[in-house]
Amino acid sequence: MTLTHVRSTGSSTAPEHRHGGGLAVGLLVLLGVLALMCFVSVTLGTRDVGLGTIWKALVEPDPTRTDVTVIRELRVPRTIVGLLAGLALGLGGTLLQGLTRNPLADPGIMGINAGAASFIVVAIMLFGIQDLSTSIWFGFLGAAAATFVVYGVASMGREGATPVKLALAGAAVTAGLTSVTTGIVMSNVDALNQLRFWQVGSLAGRYWPVVEQTAPFIVVGSLVALLAGRALNGLALGDDMAVALGQRVRLTRTVLFGLVAVLAGAATAACGPIVFVGLVVPHVARAICGPDYRWVLPYSALLSPIILLGADVLARISAGDGELQVGVVLGVLGAPAFIALVRRRNLAEL
Amino acid sequence: MAIDLQAPPESLATTRSGRRGRRRHVAVVTGLLGVVAFALFVATMMIGSFPVTVWEVVASTFRLSSDPSVDFVVRDLRLPAASTALAVGLALGVSGLVFQKILANPLASPDFVGISAGASLAAVSSIILLNVSALFVSGAALVGALVASLLIYLLAWRDGVTGYRFILVGIGISELLVSLTGYLLARADIFEAREAMTWLVGSVGNAGAPQLRLLLVVLAVLLPLTLVLNRHLDVLELGDDAAHALGVRVETMRLLLLGIAVVLVALAVAVAGPLPFVALIAGPIAVRLIGANGSGLLAAAFVGAVMVLLADIVANHLLPVPLPTGVVTGAIGAPYLIWLLATVNREGRGG
């Protein structure tokens, strides 16, 4: 085991550049896939709109036609929200896995999305805040609070934040928040009605205002996250080694956890709590490009919107008359992946 | 020489008396918890728009008197909810601690490892898809919890079941079931969704008589059985190898205890819905109260009962608007986690 490990790291120095070239091409391919997925997401829907009409709707819009309105006001923003949320969740998950050195870290499993969700619901219910530009800050606050509590509870004890403890603390926080949120909402039928749609995580009904409010945070957050590769590589070596390499570990951790809270909070504000994307994507990325976070991060950034939009398209195709939420599709598809990861023999290897 | 000979017996005597003292401490604390639980049980039946005295409650509950109006209020209106709270609390307290010991993790609790989620999905499906009576909903919850546990056990199996794999597989299954439950809630019409969401919060107020009777009977059988099996539980805690060496059939015993705990949780959830956090918190509180020496199962049961009874009183009488019990037990959870964060971190131990 150690022998092969040494050999693989030893030999990886020489063909690094060729390998890097291959990986860059891989990124371009993924970019193409993502573009294709966006195209599919815009073209597919219950209302059959021809390609020519879609092109016209995008280039020279005619506001009197319903087809044009459907494309411009419904499908395009929905696709962009999926793109943004995917970006945020994928990068958030990758950052978390790097930060906690834990293969099962995920903004959903760790209860961070649930924290954001419940704070947003409380903001709407108790303080009557309706516009997203204010409630998104509650999302950030909730995500940050949940991150703090979950990571804090999980890192107690000698062996630190093990996968089991992180997942349990996340589940506990989620359960507590969910029951409190439901309790607050219980007496108000309208709010209860809103909550049940919001709780599953969906891209439906997300229009331009959602894009406008969340995009700045997600775009800036993602750009910063993409630059964190070197820092995560340092943390992956262990705190002592990172310090020896000249990293300010505590500062790096705080900044990156804050970044996770911003990304997860914004994604949750955009489309509700969604699990498993942030968990699975970094593993797929690592399988393609190895453990170097300078590559894992961009790969996650592209893979994650592909998966989210793909799941949304799948949901729209399979739903028939009713609405199947993307959060449900990801829950059903993600759980087997999670269990497969758990059953792998060498779980704690990050 | 004489002094050398005398020294060991003396220290032996002190250890012996120390052990006896600790055992007495455990017995006293457990007894006190039992008394508190019973007092709350009686108090629950006294409070309300029609106040009843202690003696009237006790006399009416144990059929020592016959005052029709008191009997109606106590036996028909308040006794069902009070005994539900008591029984559900006992069941959740015991099974929570059994889970934590078997899975070797103080944060492990049937609420989070997919068992309550299985019960919830089954109950919500029966409310929304089948539109059936409360008794059927309870039955569905029971079956759902049992099926989910079996599924988790099988998926976690790999040359035996380790605590950490059971927990993680359980959390994965739980997420799956929760997202399906969310889907059902989102597609239901608002009244059914509201009924289902009320069930999901958990409340001791709306338990039916047959479910409660079943829980009480099962509790009467399984609680003593768990206390008898407690010795094996302590051995299992030493680790599989040590347990083998001490002659315990590890996998069988683990399955048996896990089965008992699952049945208790499943019945409790079937009766009162998934009351969050009781099973998680009761064990650690009991262990903290009696110290590390006793097993704490009975104490955990009493702590669970005290929690649910208190939560019921708070939910129904102290809040401005009566709320389901689960809201209160859920609200206890967040401060508990923060308290855990503060104290255990400082002591430098914890799991």
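Reply: Start with B:F277, which lies in the loop between α10 (250-272) and α11 (278-290) of chain B. Helices here are DSSP runs (H or I, at least four residues), numbered from the N terminus. The model is predicted: local features need pLDDT of at least 70, side-chain atom pairs count only at pLDDT 80 or more, and totals for chains, interfaces and linings use all residues. Residues are numbered from 1 along each chain as its sequence is written, while chains are lettered from A and ligands numbered from 1 in written order.

B:F277 has a positive phi, near 80°, yet is not glycine. Most residues other than glycine have a negative phi. B:F277 counts as buried because it has 28 C-beta neighbours inside 10 Å (the cut-off is 20 or more, with C-beta atoms placed from the backbone).

Now turn to chain A. A:F276 sits in the loop between α12 and α13 (277-289) of chain A. Its phi is positive too, about 75°, and it is not a glycine. A:F276 has 29 C-beta neighbours inside 10 Å, so it is buried.

Step back to α12(A), residues 249-271. It packs on α6(A) at about 135°, with the axes 8 Å apart. The α6(A) residues in this contact include A:L132, A:F140 and A:T147. From α12(A), A:F257 and A:A269 are among them. Contact means C-beta atoms, placed from the backbone, within 7 Å.

Notes:
Axes are lines fitted to C-alpha atoms, for helices over the stretch in contact, and angles run from 0 to 180 degrees between N-to-C directions. Helices (H or I, at least four residues) and strands (E, at least two) are DSSP runs, numbered from the N terminus. Two residues are in contact if their C-beta atoms, placed from the backbone, lie within 7 Å. A residue is buried if 20 or more other C-beta atoms lie within 10 Å of its own, exposed if 12 or fewer, and partly exposed in between; C-beta atoms are placed from the backbone.
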